[in-house]
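Biologist: Please take me through one part of this model at close range. Start with a single residue, then move to the sheet.

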Amino acid sequence: MFRIIPLFVFLFAAVLAYSQCCDFTLVMDDTYGDGWNGGNLDVLVDGEWIGNFAAVEEGSISVFEVCNGQEITLQYESGEYENENSYFLLGGNGNLIHADGPEPNVGESGPFVVDCDVVPDPGSSPCVPIVI
């Protein structure tokens, strides 16, 4: 009986450590304002497809939940007018994980290992204010 309790505590702690989750943000831009003209981006988490995304008109933002230790892979497929397309992936605290474009690289980027506890240095990320 007493051997089971430490095992249970260890497993419970491991689940809690892994299950720290946060929202990642995918920001997609089109400088001309007509969308990505056939270009698109697949997002995979731990190898499982979670969606296909593309900028609509000037741009789009998509948010998805991931947990510590998971791996994010991005797969970009080109369309027309690639010089208009760009995207970036922000972590749970607004830290820049990956950016590409204009003319994003075709194919796979990543994997990027999720760490929801990373806090970016002030001014080092597009969404982090600089304290004056």
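Modeller: S60 sits in strand β4, which spans residues 59–67. Bear in mind that this is a predicted model. S60 counts as buried because its relative accessible area is 16%, and the cut-off for buried is under 20%. The side chain of S60 comes to 2.9 Å from the backbone nitrogen of V56. Beyond its neighbours within four places in sequence, S60 contacts L26, V27, M28, A54 and A55.

L26 leads on to strand β2. Leaving out residues up to four places away in sequence, L41 touches L26, along with W36, G51, N52, F53, L74, Q75, Y76 and Y87. L41 belongs to β2. The relative accessible area of L41 is 0%, so L41 is buried. The C-alpha atoms of L41 and Q75 are 5.5 Å apart, although 34 residues separate them along the chain.

Now β2 as a whole. It covers residues 40–45, and six of the six are buried, so the strand is largely enclosed by the rest of the structure. In a regular strand, side chains alternate between the two faces of the sheet. In β2 both faces are covered. N40, D42 and L44 are buried on one side. L41, V43 and V45 are buried on the other.

β2 has a partner in β5, residues 71–77: six bridges join the two strands, which run antiparallel. Within this pairing, V43 has L74 as its bridge partner. L74 is also among the residues that L41 touches.

β3, residues 48–53, also pairs with β2. Here five bridges join the strands, again antiparallel. V45 stands opposite E48 of β3. β2 and β3 form a hairpin with two residues between the strands, and D46 takes a positive phi near 55° there.

The pairings build an open sheet of four strands, ordered β3-β2-β5-β8, with antiparallel pairing. β3 and β8 (107–113) are the edge strands, each pairing on one side only. From one strand to the next, the twist averages 20°. At the β8 end, five bridges join β5 to β8, and these strands run antiparallel.

Technical notes:
Residues numbered from 1 in each chain as written. Predicted model: local features only at pLDDT ≥ 70, side-chain atom pairs only at ≥ 80, totals over all residues. Heavy atoms only, no water. Buried < 20%, exposed > 50% of the residue type's maximum accessible area, 1.4 Å probe, protein only. Polar contact = N/O pair within 3.5 Å; in protein donor to acceptor, adjacent residues only side chain to side chain. Contact = heavy atoms within 4.5 Å. Pairing = 2+ DSSP bridges. Axes fitted to C-alpha atoms, helices over the stretch in contact; angles between N-to-C directions.
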